[in-house]
Amino acid sequence: ELKSRSSASIFIVIGLCCFFYILGAWQRSGFGKGDKIASAITKQTDCSVISNLNYETHHGDDVVMADGSDKATKEFPSCHAKYVDYTPCQDQMRAMKFPRDNMIYRERHCPPEDEKLQCLIPAPKGYATPFPWPQSRDYVPFANAPYKSLTVEKAVQNWIQYEGNVFRFPGGGTQFPQGADTYINQLASAIPIDNGMVRTALDTGCGVASLGAYLFKKNVITMSFAPRDSHEAQVQFALERGVPAVIGVLGSIKMPFATRAFDMAHCSRCLIPWGENDGLYMMEVDRVLRPGGYWVLSGPPINWRTYFGAWKRPKEDLEQEQRKIEEIARLLCWEKLDELGDIAVWKKRTNYDLCRQQDIKPNLCEPSYPDDVWYKKMEACVTPYPKSTKSYEEWKPFPDRLNAIPPRISSGSVPGVSVDMYQEDIQIWEKHVKSYKSINNLIDSGRFRNIMDMNAGLGSFAAALDSPKLWVMNVMPTIAEKDTLGVISDRGLIGIYHDWCEAFSTYPRTYDLIHANGIFSLYKDKCKAEDILLEIDRILRPEGSVIIRDNVNVLVKVKKIVGGMRWDARMVDHEDGPLVSEKVLFAVKKYWVVGDIITAHNKKEEVKN
């Protein structure tokens with residue numbers, strides 16, 4: 001009898017301990033509290049976002065390795081000051097080792113494993129938080145990108161001006177020195193920019209992305225790209241202004257975008273030889289244009305009879321160049337809508353019916369997966385239209401299409417993704433984002449302009465955040481189980497393919513908030529977690545924020561690594577409570593600049609020159 005009482009007492013004690021442990025964890029997770037912890041967040045620095053949180057999950061920080069040992073946190077040193085604007089896969093010295101034909105040397109060429117930097121990229125001295133949008137469209141702190149060459153080289157074209165301790169961007173461009181607004185209004189006379197039918201645009205050879213900056217007024221989001229070349233920092237200026245941009249070139253490799261991703265593509269004196277290589281580049285533009293999309297070409301050689309004198313080029317060369325472009329456009333079955341001075345506008349047909357009647361037909365690409373584009377060579381062939389084009393003939397304007405059923409899902413062309421799954425995904429991410437905002441109310445404040453989702457799924461994180469104050473670069477990992485980048489494009493969002501074992505095509509310090517859902521579980525057998533975290537650190541602004549959602553065992557290890565990266569980090573429970581194995585790590589990168597912390601050289605660690 002005594003033994004049975006003793007056993008019963010033990011079970012009661014254990015039960016009470018479990019109950020109070022769960023209750024305490026539930027309370028600490030923030031659920032059941034009437035107060036909002038986010039109200040403690042100040043607007044001065046992001047560091048306060050983390051320091052005031054009481055959401056710390058019950059999982060400890062101790063990381064026990066597989067062999068049972070407790071490994072000390074590795075402290076990452078600062079890289080040398082010469083790496084302040086380092087772009088690993090577009091390094092100028094490495095580029096010179098590759099052929100110049102078809103701009104191959106300006107394409108991505110990433111360092112081998114033994115040349116990857118194992119240090120933190122420093123910010124330049126005097127680095128300042130960018131101005132909030134829309135002031136950032138017009139002003140960039142000089143210290144953030146201290147390059148004056150464009151102020152001289154493009155002075156007449158109104159690209160950029162240096163005024164005191166800031167750069168000012170008057171909104172001009174090579175093709176629109178009088179300002180982007182005037183130019184966009186010209187385009188709007190031929191293209192439905194004002195009614196939401198054109199939502200996503202691609203600007204090839206974008207300069208400092210003034211077109212993309214001013215298209216935001218029309219609720220058009222533009223993916224701008226330009227190479228890292230003699231026009232130093234043009235993409236960096238674009239991102240400092242709060243405009244989506246990546247380092248890229250139309251060379252020999254397919255663009256890292258989904259098929260039928262954009263409503264409009266644009267080139268304004270972008271120096272791409274559209275008529276060369278059997279129309280290869282126009283065929284690649286055709287691939288990424290949706291049925292019914294528009295292509296704009298302005299500047300030479302359009303309307304050469306009128307402008308050849310100002311362009312200082314032989315009439316014969318210009319005539320031949322325009323003739324080739326017109327021939328390729330007809331081969332692609334594009335309809336020429338208008339010539340507005342030296343601006344030409346073509347429209348891709350909404351279906352292939354009329355094209356079948358053409359005497360000369362292009363070579364159609366082999367019936368393979370058209371979105372298999374990562375490091376794949378461009379081909380002189382045309383990507384076939386989808387089997388059904390009805391949804392493109394009845395194309396929804398934005399924002400209606402943001403949460404409507406995307407054509408690729410309604411047609412069943414994305415294996416493993418149903419309408420029900422899509423609608424559930426929207427609800428899940430609305431819940432997640434609501435929770436994020438309750439912890440960090442800076443998300444809605446305008447402080448975070450440039451946002452990245454490293455594993456974007458169906459784009460519902462970006463859709464839940466949708467606001468004129470911000471934009472999201474949706475990234476589709478090349479190893480993702482389901483390729484849904486096309487779905488993201490159908491929703492009126494921008495996105496790009498990328499392999500996170502390599503550096504992203506951007507400059508350091510170009511994103512304010514980075515969201516990583518399941519990225520470390522996805523890549524656990526592909527590359528080192530610390531390499532991915534060092535890349536996140538490279539592209540994140542000082543005082544920028546990171547949200548990492550993953551399994552608790554993964555996050556504990558991640559948190560151990562970031563402990564040596566000058567981040568403030570806290571791990572919190574899932575929205576549904578502490579018993580869910582998925583957790584969320586909130587982190588803020590501390591402010592520091594060149595000279596503030598010990599460098600890799602001073603620690604005698606090898607950093608490749």
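Phe142, Tyr162, Phe167, Phe169 and Phe237 form one aromatic cluster, where rings of Phe, Tyr and Trp (its six-membered ring) pair if their centres lie within 6.5 Å, with planes under 30 degrees apart counted as stacked, over 60 as edge-to-face and the rest as tilted. The model is predicted, so to speak of local features a pLDDT of at least 70 is needed, side-chain atom pairs count only at pLDDT 80 or more, and totals for chains, interfaces and linings use all residues. Residues are numbered from 1 along each chain as its sequence is written, and side-chain values use heavy atoms, leaving out hydrogens and water.

Aromatic pairs number 21 in the structure. One of them joins Trp133 and Phe216 in an edge-to-face arrangement, 5.4 Å centre to centre and with 70° between the planes. This pair links distant parts of the chain, 83 residues apart: Trp133 belongs to the loop between helix H3 (92-95) and helix H4 (135-138), and Phe216 to the loop between helix H7 (210-215) and strand E5 (221-226). Helices (H or I, at least four residues) and strands (E, at least two) are DSSP runs, numbered from the N terminus. Both Trp133 and Phe216 are buried, a label for under 20% relative accessible area, with exposed meaning over 50% and partly exposed in between (1.4 Å probe, protein chains only). Not counting residues up to four places away in sequence, Gly126 touches Ala143 and Tyr591, contact being heavy atoms within 4.5 Å.

Strand E10 (residues 343-348) comes next. Five of its six residues are buried, so the strand is largely enclosed by the rest of the structure. E10 runs antiparallel to strand E8 (residues 289-298), with five bridges joining the two; strands pair if DSSP finds at least two bridges between them. Antiparallel pairing also connects E10 to strand E9 (residues 334-340), here over six bridges. Ile343 of E10 is the bridge partner of Ser298 and stands opposite Leu340. E9 and E10 make a hairpin with two residues between them, and Gly341 in the turn has a positive phi of about 65°. The charged end of Lys348 is found over the ring of Tyr385, 5.3 Å from its centre.

At the N-terminal end, Asn551 caps H20, with a side-chain oxygen 2.9 Å from the backbone nitrogen of Asn553.

Arg401, in helix H13 (residues 400-403), is buried at a relative accessible area of 4%. Its side chain makes a polar contact with the side chain of Asp263 (3.0 Å), a polar contact being a pair of N or O atoms within 3.5 Å in which, within protein, one must be able to donate a hydrogen and the other to accept it, and residues adjacent in sequence count only if both atoms are side-chain atoms. Residues touching Arg401 include Met197, Trp395 and Asp490.

Some backbone details complete the picture. The peptide bond from Phe398 to Pro399 is cis, with omega near 15°, and Pro399 lies in the loop between helix H12 (390-393) and H13. Another cis bond runs from Pro300 to Pro301, with omega near 5°. Cys333, in the loop between helix H11 (315-331) and E9, has a positive phi of about 70° although it is not a glycine, and is buried at 3% relative accessibility. Arg269 likewise has a positive phi, near 50°, but counts as partly exposed at 35% relative accessibility.

Methods. Lys NZ or Arg CZ within 6 Å of the ring centre and 35° of its normal.
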